[in-house]
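Please look over the model shown here before reading on.

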Amino acid sequence: MFPLKDAELGAFTFFASALPNDVCGSNGLPLTPNSIKILGRFQILKTITHPRLCQYVDISRGKHERLVVVAEHCGRSLEDLLRDRKPVSSFKVSCIAFEVLQGLKYMNKHGIVHRALAPRNILLDQEGHIKLAKFGLYHMTAYGADVDFPIGYPSYLAPEVIAQGIIKRSEHTQSEKPSGPKSDVWSLGIILFELCIGRKLFQSLDVAEKLELILNLGCVDDILTVLAEEHGCLDIIKEVSENVLTLLRKCLTFYPSKRPTPDKLLNDPIFSEISSLYPTFHKPASLFSPTLRCANLTLPEDISQLFEEENSDYLAERSIEEVYYLWCLAGGDLEKELVNKEIIRSKPPICTLPIFVLEDGESFGQGRDRSFLLDDTTVTLSLCQLRNRLKDVAGEAFYPLLEDDQSNVPHSNSSNELSAAANLPLIIRERDTEYQLNRIVLFDRLLKAYPYKKNQIWKEARVDIPPLMRGLTWAALLGVEGDIQAKYDAIDKDTPIPTDRQIEVDIPRCHQYDELLSSPEGHAKFRRVLKAWVVSHPDLVYWQGLDSLCAPFLYLNFNNEALAYACMCAFIPKYLYNFFLKDNSHVIQEYLTVFSQMIAFHDPELSNHLNEIGFIPDLYAIPWFLTMFTHVFPLHKIFHLWDTLLLGNSSFPFCIGVAILQQLRDRLLSNGFNECILLFSDLPEIDIERCVRESINLFCWTPKSATYRQFAQHPKQTSEATCTRSLMSCFSSDYQDAPRSDLSRDSIKLNDLKSEVSPRISAEDLIDLCDLSGPSHFKTPTKKTKSSKPKLLIVDIRNSEDFNRGHISGSINIPFGSAFTAEGELIQCPATSMLQSFKGRVVVIVGHVAKNAASFAAHLVKIKYPRVCILDGGINKIKPTGLLTVPSPQI
Amino acid sequence: MQEMVKTKNNQGKNSGMEREFVYTFSSGNQHFVLKVPLKFPVQENVSHLLGRLMLLHNLPCFIENDLKESLSRLIEEKSIEDYDTEAEVALEAVKSGEVDLNQLANTWAKTYTEAVLEHTRPEDSSWDEDFADVYHDLIHSPASETLLNLEHNYFVSISELISERDVELKKLRERQGAEMDKVMQELGKTLSDHDVNMLAAQHFESQQVLENKWNNELKQTTGIQKQEYQEWVIKLHEDLKNPNITIGEEINVQPNQWRESIEGNGGLFEDQRQLEESFTIHLGAQLKTMHNLRLLRADMLDFCKHKRNHRSGVKLHRLQTALSLYSTSLCGLVLLVDNRISSYSGIKRDFATVSQECTDFHFPGIQEQLEVVQQVVLYARVQHSSKSKRLNDVGNKNGSCEDKSKNMEQNLSNILPGEFYITRHSNLSEIHVTFHLCVDDNVRSGNITARDPAIMGLRNILKVCCTHDITTISIPLLLVHDMSEEMTISWCLKRAELVFKCVKGFMMEMASWDGGISRTVQFLVPQSISEEMFFQLSNMLPQIFRVSSTLTLTSKH
């Protein structure tokens, strides 16, 4: 999107037509409200960017099918020129014509027809260039079918438009005939004619007379002369230049087949002089476009010129979308603005109640409400409040330096305030205008430098992700690169496949509370993205839940299916590797077993209770993990959850799962099996910020290798990965990605895994966590800072002779045979009391025999010892490292 | 080499036509021809189409750009052609007179005048709405106190009138009773049955005369009060607009007048019998909306009566109701009525009595409103029958519909179960809107389903609540106002479960209509229900609705 520059933001409102009472669609579900259909169709308009068109920014739904559209706006329009009642010079007229045609051509290329072309919708910007307003109305209302009012203004309707009549809701038939691009050319002709004579046509006639007159022009030889005669301005017309007259004749051709299209007209010789004045327009390349993003960048000969035109209005240099977003944050309220300008005039509801309602819901006695009529005046949204809010923001905030190491940069006042703001809760930060401005500007710059600035994006994302930039930021975090559009286009998304039926059933049930995703447009996009994924992953299949997984990506990249698809393709192997296999039971089983080990590791009491009542993860957690929680949470919570999830590795979801359980802990502990099933069938509200916070905490306490899964994704060729990985923290890198050594975990059979209550950790991890300094003939994969390391206690369960022969330094010895009483209590001795006093630390059980270690751990869990784990491979793994120490003989 | 490929036939649009896209290219010495049938108008994205073609036919990448260009050129050209043909067909139809030019223009003109403000004749501002604005302004200003005092003064004078009436009626009845007693003693001696009947008729007549007299007086008084009040409100508003004038005639209530109302009649006792329990619930699978539910053992009309026994409560209640009268958070009540639109018997009569206790300064009185309802019902019947006739003509509907319409014709002015009419009030204590839902004796039986007209009526009521910002609604949970013997415990539980579940379903549906605005739904059970029963019902509610978890406050370490 272009920077705001001198333009303003404008808003106008209209009503979608109400649906008839209680009619169901062909699939038996209630019909989609028209306002939602319009909202869905509107989205694509946001991507249509051209200097001759008013940029569409946003649409919002109000009560009772009201829609408010926000778009770029200028205060002056051709209406103002006409108000002067002076003929406009021929040159100016041709310029206006050329510019309008440029706009029309661009629209037509995107399949959009204006239909409501009129002087009031041709705006004039500060430099006198035109911008077409309301060009998307005809498109978003499905050619006027979803609204009660006709689109277009009587004087400017093309004859064929009038002849084709109005599509009436009540007699809605499939054979609607939308107007073509040429009808706009007629409207343009009338407008140009009015400019030439300096006043409006057909002023003295009423609507029906106007329309009849236009249709009767078909019987006339020379429309131009007739119109001029009719309005007594033959003299003025005579003075109009030949070029313009030719243009007018071409536009005002009665039969559309003989009328040129905007495209043809632009290339007409009449514009040969003018066209050289206008440089061709290149749409700026987007982040993932295959072309060079700087291809059209032209630097002035003398770089210093860039500084000369410096002005202090930095906000105007931001894109319209950003300015509008900030305007909303700074307290902008669309409906209020429209109410203040008396565009929205609603009656008190008690005055509009119906008197009598039939059983089928049809109501009677309700007066026609005038406030539902169309008033398409555009109201300018004042930016004063926003500018006022941002007046203290320093210029540097708009152009931050992107050095990797920012500690050298002297902190200005505002940045201190910012760091203070960074400690506020996320919800507050997301509503803070200044803070968001800073974040948006920063992310915008970083993303422009993607993938070069990838590391810094990671770093900043760890602070938070500004909602406005979330779509692209996630793509960057997922490492999406390359010509995604071409890849996506090359996938066949149309040919029917067996999965279609299931997809068709699932989509109307997926996050349908959201307006965007419940719109028909949203459904079509869902369908394409899901099909694209299914088709391009022949080894995987569609499992229910994939739709939920797609939802956040589609929502964030609604106008960029290719990016949504690319993100999904990057996400699934990272977090859900092989979950979508046709037979995924072994993957899921292993996953759930590790999950229950994690519950036992972090919350033994809860784990004991759940195991006791038989409430195993298989009963509730499959939809959690298969959809990465998108099936259980609403979108706004998913966003906050995934903001963190995407930064974590593939074992982070376990921690989220445990954190959710912990929020419901009290209720779970006090309830039996049936109540728990009921509780989870309709999951209660979860405080997502707390959930995120706690899962990070849990993650820090979890040794990396504890969540090892043999069916997880194995490291790819690490040639290109390593260079970036080394800079990321251990938080985000996967255990599986680390180079394997003898000390890594060995895979064990699923049944064995299931039989163990506590997770195993690798020798590598143990050494790393203990900071055992020894002959380090291997490199620890990643450095952890001291503070983030969990405290550790090693319990050696071999008999004391073996222990004395050599053990890990700092470990305590509780021989397995003599550790527990028959009741399962710990037998008191110095070592066990030491264990007790260190309760809460990570306890690593080290032994000879795996079975003994496992059962020792199980005993500890039983008596509610948290964070118990087993050293994989036992003491034998450590022996070759030479890290065992022999205590000096006691004297 | 020739290949043919069927593109997906788009949802069988009849208007579309098929064209063939032909593309030739050569590679080395070989020449290839690609023929693709395309359905117009082309719905799909050109790049998607291109991608499919490339994939399906295994086309070489070097032709990609060229293919795309010629494909989009073809689509563009042919689409324009189609537009032109269609347009000219329409123009030709007008020219040849097949379509009447006049009619066409008038249809357009009509649409413009009906839907676009610019083309609509300016509406003469309606007095009702102006008054609404004025009142809304005033009640939200310091003048509200004065306003309420005035309303109260009027209320007091009406209640005086009513109590006078009641006294006089009571006296009359006592006198008549005494007379009757005397006559009865003489019955068979000096007087015959005929004489007794005569006397009874006479008594009835004189009662009627007296009642009419009083009713006329009441009507007159309320009429005067209303006019005075409205004039006064307008004047006060104008005075307030002029900053120089302070409110001249401050209306004060004699302190004893407020206190006087303390001596209610047995109100205290009634209050103790009222039981209530409140719940906060969450609805929705992923996105949850919060609502308040309340289970109450109370009389429906308790929400309408001005409680005389509350000392300061009277004023507060009044203020609360007055403040929200023209706002977007209204309170509604569902009243179950029979199929006649009147106020002669049962709850209808009680309701009418209550609503006449105080003058309605904003809306017409209950009788006038009912008269309007009767007219609207007649109009609706005519509309509906003509519509269903049309439907019958078009598609032969089965007999049930005809039966229904036949029944309707029997008495057009009666309403059917599931239908409801709405009255508006400004003079009830906690209610602005009353839904009079028609039910038949069926609701007393134990086996009604979710498809029952009464339940459908509830759904429509909730829908009106959505469209007209009624945020608090009181519903009789058991769909009856009084208990009778056949309503056993199991009957009650079954009925309550049905209504709870249906209302839950409707509330979830409502969330999609209005975006999940938080509402309060009050379920009322008759006073005659036992306490035990009440607690059984209040235990049932959280099992059906998901009650939100209790807030746990933990201190940060």
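**From one residue pair to the whole assembly**

In strand S8 of chain B, B:Leu437 is the residue that stands opposite B:Leu336. Strands, like helices, are runs assigned by DSSP and numbered from the N terminus, where a strand (E) needs at least two residues and a helix (H or I) at least four. The model is predicted, and local features need a pLDDT of at least 70, side-chain atom pairs count only at pLDDT 80 or more, and totals for chains, interfaces and linings use all residues. Residues are numbered from 1 along each chain as its sequence is written, while chains are lettered from A and ligands numbered from 1 in the order in which they are written.

S6(B) and S8(B) run parallel and are joined by 6 bridges, and two strands are said to pair if DSSP finds at least two bridges between them. S6(B) also pairs with S9(B), again in the parallel sense, over 4 bridges, and here B:Leu333 stands opposite B:Ser474. How many of the residues of S6(B) are buried? The count is 8 of its 8 residues, where a residue is called buried if 20 or more other C-beta atoms lie within 10 Å of its own, exposed if 12 or fewer, and partly exposed in between, with C-beta atoms placed from the backbone. In a regular strand the side chains alternate between the two faces of the sheet. In S6(B), B:Leu330, B:Gly332, B:Val334 and B:Leu336 point one way, whereas B:Cys331, B:Leu333, B:Leu335 and B:Val337 point the other way, and all are buried.

The next element to find is helix H13 of chain B, which is mostly covered, with 12 of its 15 residues buried. Its buried residues include B:Ile455, B:Leu458, B:Ile461 and B:Leu462. They pack against strands S6, S7, S8 and S9 and helix H14 of chain B, together with S7 of chain A; contact here requires that the C-beta atoms of two residues, placed from the backbone, lie within 7 Å. The expected span of a helix is 1.5 Å times one less than its number of residues, so the 15 residues of H13(B) should span 21 Å, which agrees with the 21 Å between its end C-alpha atoms. Just after H13(B), B:Asp469 takes a positive phi of about 55°.

We can now turn to the place where the two chains meet. The contact takes 61 residues from chain A and 80 residues from chain B. On the side of chain B that touches chain A, the largest share, 11 residues, comes from H2(B). That side of chain B divides into 39 nonpolar, 23 polar and 18 charged residues, where Ala, Val, Leu, Ile, Met, Phe, Trp, Tyr, Cys and Pro count as nonpolar, Asp, Glu, Lys and Arg as charged, and the others, Gly among them, as polar. Strand S7 of chain A (residues 356-357) and S7(B) run antiparallel, joined by 2 bridges, and B:Tyr421 is the bridge partner of A:Phe356.

Within chain A, the centres of domain 1 and domain 3, taken over C-alpha atoms, are separated by 37 Å, with domain bounds that come from an automatic or database domain assignment. Their contact takes 13 residues from domain 1 of chain A and 10 residues from domain 3 of chain A. On the domain 1 side, helix H1 (residues 34-42) of chain A gives the most, with 5 residues.
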